[in-house]
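Biologist: I am new to this structure. Please take me through the terms and the values behind them.

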Amino acid sequence: MNPVRYEDYRPTERPAYQEELKKVVAQVARRTRVSVERETAGRAVRTAHGKTYGLLKATVTVGENPGFHGQGIFARPTVYDAVVRYSNGLGHLRPDHQLGAACGMGIKLFGVAGPSLLDDERDSCTFDLNLINNDVFFANTAYDYMVIEDLFAELPEALVDPARRKTWMAEFLTRRQTLTDPGHWLWDELLAMLSFTTVPRRNLLSYTYNSMGAFRYGDHIAKIRTVPTAASLSSLTHQIVDVRADNEAFRRTLVAEAAERDHSFDLQVQLNTDLARMPVDNTSVKWPEELSPWVTVARVYLPRQDIGGDDNLAAADATSITPWRSREEHRPIGEIQRVRQEVYRRSSIERHRINGQERREPAGSAELLG
């Protein structure tokens, strides 16, 4: 089955979108400001992916990708300098046992040709991928994001308390009672959210990480993921991540693995072949692999390295990762992706301002990690 052409996707904008987006951006900026006191760290913390586990030097090697898969930055063999940032998905700085297992893998490539999609850094030459260890997401509109972002500020406590868990999920499902017709309740989104509670706590280097949202892929449409190579997966020696015995189990395991050996991942894309069964605007629905298999287009390589110092955490915290630090050939698509464009930018601006950090894209991994 041939992939859908990008030009055949017709984005829509709901009448209330712009007003809702303004409210979301203001809400995230406000929560970023109050995070200084909320997280008691003496600095502003991201409203999502607040706890960093480490920043690693990497290379991304693009292979020979013929036909449909040779698009955009994956059109010809290239080797990119890069860094990889691992983090927890929630916006808290807490012991690991007080956080869920939803974790992110952010990849920043350097030396990528062409203007960035971010207007205030058109010549940055960096390219980001935001990935998480699940294949579905739980928000699809600006209004969803606004309500759910507020509800997620209560996690993980809201799901631990039996009484609040029921009302919390009811508020999630009905967008705080604004959806009165059960036929319009957020069933897909609720199931996607609950799927995060089943993610096991494992070595960060053992997960598959997904974009969840869709992107333009040159002439086509795709999602992106990373999968540990078989050799890398079999080499892991720190399989158990015991968050009860160690408040910093995720980071200590990552530090140990990084110091002991190299690691590698296949970077894969899944082309959209059916807009009805592989919806772009509903990120809560998994795209069936029987309609379109994942195909490897590049290799992410993490050389053996020491990331154990506090300077590594400081560099990771200052590193901004956004799906819109991209190129036109890989433009994020779908409403929730458009929401991320301004939300991530405003959150980054506020955080860097409060923390007194210069908001500037680095020229390479050596600038961040030496």
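Modeller: The largest cavity holds about 30 Å³ of space. This is a predicted model: local features need pLDDT of at least 70, side-chain atom pairs count only at pLDDT 80 or more, and totals for chains, interfaces and linings use all residues. Numbering runs from 1 along each chain as its sequence is written, and side-chain values use heavy atoms, without hydrogens and water.

Biologist: What makes a space a cavity?

Modeller: On a 1 Å grid over the protein atoms alone, a 1.4 Å probe fits at its points but cannot get out. Its volume is the space filled by probe spheres set on the points, which are joined across faces, edges and corners. The structure has one cavity of 30 Å³ or more.

Biologist: Which residues line the largest cavity?

Modeller: Lining residues have an atom within 4 Å of a point. Among them are Phe-74, Asp-128, Ile-224 and His-330. Strand 4 (residues 126-132) gives the largest share, three residues. Strands are DSSP runs of E, at least two residues, and helices are runs of H or I, at least four, numbered from the N terminus.

Biologist: Why is Cys-103 called buried?

Modeller: Buried means under 20% relative accessible area, exposed over 50%, partly exposed in between (1.4 Å probe, protein chains only). Cys-103 has 0% relative accessibility, so Cys-103 is buried.

Biologist: What does Cys-125 count as?

Modeller: Cys-125 is at 36% relative accessibility, so Cys-125 counts as partly exposed.

Definitions and conventions:
On a 1 Å grid over the protein atoms alone, a cavity is a set of points where a 1.4 Å probe fits but cannot get out, and a pocket is an open set with protein on both sides within 12 Å along at least five of seven lines; lining residues have an atom within 4 Å of a point.
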